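Subject: Structure handover

Hello,

Here is the structure we talked about. Please open it and read the notes below alongside it.

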Amino acid sequence: MDAPSQVVNFGPGPAKLPRSVLLEAQKELLNYKGLGISVLEMSHRSPDFAKIVKTTENLARELLNIPDNYKVIFVQGGGSGQFSAVPLNLIGLKEGRCADYVVTGAWSAKAAEEAKKFATVNIVHPKLERYTKIPDASTWNLNPDASYVYYCANETVHGVEFDFVPDVKGAVLVCDMSSNFLSKPVDVSKFGVIFAGAQKNVGSAGVTVVIVREDLLGFALKECPSVLDYKVQAGNSSLYNTPPCFSIYIMGLVLEWIKNNGGAAAMEELSQIKSQMIYDIIDESQGFYVCPVEKQNRSKMNIPFRIGCAKGDEHLEKKFLEKALDLNMISLKGHRSVGGIRASLYNAVTTEDVQKLAAFIPLSDSFCLMGQHLDFWGDAW
């Protein structure tokens, strides 16, 4: 048990889980609460699993102060499944079959492309040459006939995060919160739909939580598969089909952990502390470490950076990753589409974990200015 605990996982998802959650799941794996069976083999129609679902829902409602006129459902398909589910459920709200999309990174871009299969998509701002900022909201061209306005609160690949909730003038607001869900408090009443894959901040891969306002149910297109229909799932309490039982169970344990550790407000405070540790090193490196994202739009969850110059020195970045792995720090490689380094600092990543990374990243001015092709990490560690 000791050796694995030494590993620090900065993975972007599936991501690190709280150790206490893993130990609880381990303890209950073969015999859940004295039933003699595992959650993995438990009937999803049983009273015991119904209690797990309800407990998980109640924790989500409590932690986010979800109003009573919102349904909370647990579905499969991940965020990518919701790229289709959102237009299939909401595009029928208005006759024109049009939707507004804010595209600030890879995931919102994919969502917009998927929506084009079912609707006319209006990108509300000029196309960004690079995903390094949030377009000024005052320049957005919202279509008053759009059925909804869609955005991604935090772009996992590019490290761009909204620090505000868009004012969409009373339109239905839809948000993909997959990578910053429950990392901070959110006013759910400002949204029509919120969805989030669990595997970053609130659990393991396999389950996606959807929070949908009740008055938006019942507008699904006739071609919408029943398994993606919010009204069908809500009407069946997430049990229309066999749900991802074990993933829901793990989510419940993580939500309980968040509650016991101060809730969303405490997670936000820790996120600020953790991310600032790394951004301070980047900003004080005289340009040797480069985060491409504009400061006001930097993510607290995912920190991408290059080493040596804005485009990155592949030799140094390879050496960085090798030495990090030697020190049991894993999953720091940037997304394949952007390269470089990426540190994901989700809720379960501790301040001690981040301190270890911060101690590893060199601060020496002489290295930053002179050591670009030296085996610095080999000498230092």
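Which residues are buried in α7? They are Cys245, Ser247, Ile248, Tyr249, Ile250, Met251, Gly252, Leu253, Val254, Leu255, Trp257 and Ile258. Bear in mind that this is a predicted model.

Helix α7 covers residues 245-260. It is mostly covered, with 12 of its 16 residues buried. From its first C-alpha to its last it reaches 23 Å, close to the 22 Å expected at 1.5 Å a residue.

Next, α9. This helix has 13 residues, 314-326. Its reach from first to last C-alpha is 18 Å, close to the expected 18 Å. The buried residues here are Leu316, Glu317, Lys319, Phe320 and Ala324. They sit on the same side of α9, because they cover an arc of only 160° around the axis. Glu314, Lys318, Leu325 and Asp326 are exposed on the other side.

Both ends of α9 deserve a look. At the start, a side-chain oxygen of Asp313 comes to within 2.9 Å of the backbone nitrogen of His315. After the helix comes Asn328, with a positive phi near 65°.

Now the salt bridges. The whole structure has 18. Arg306 lies in strand β12 (residues 302-307) and Glu317 in α9, so the pair ties together parts that are 11 residues apart in sequence. Both partners count as buried, because each is under the 20% cut-off: Arg306 has a relative accessible area of 16%, and Glu317 has 6%. Elsewhere, salt bridges with shared partners join Lys54, Glu57 and Arg61 into one network.

- Lys117 and Glu114 meet through their side chains at 3.2 Å, N to O. Lys117 is exposed, with a relative accessible area of 59%.
- Lys222 bridges to Glu223, the closest N and O atoms being 3.7 Å apart. Lys222 is exposed at 81% relative accessibility, while Glu223 is partly exposed at 39%.

Last, the surface. Leu29, Leu30 and Leu40 form a nonpolar patch there. Together they have about 330 Å² of accessible area. Leu40 is in the loop between α2 (19-28) and α3 (47-64). Its relative accessible area is 59%, so Leu40 counts as exposed.

Best wishes

Technical notes
Residues numbered from 1 in each chain as written. Predicted model: local features only at pLDDT ≥ 70, side-chain atom pairs only at ≥ 80, totals over all residues. Heavy atoms only, no water. Helix = DSSP H or I, 4+ residues; strand = E, 2+ residues; numbered from the N terminus. Expected span 1.5 Å × (residues − 1). Buried < 20%, exposed > 50% of the residue type's maximum accessible area, 1.4 Å probe, protein only. Arc of directions from axis to C-beta. Polar contact = N/O pair within 3.5 Å; in protein donor to acceptor, adjacent residues only side chain to side chain. Patch = residues over 30% accessible without salt bridge, like charges linked within 9 Å, V, L, I, M, F, W, Y side chains within 5 Å. Areas by Shrake-Rupley, 256 points an atom, 1.4 Å probe, with all protein chains shown as cover. Salt bridge = Lys/Arg side-chain N within 4 Å of Asp/Glu carboxyl O.
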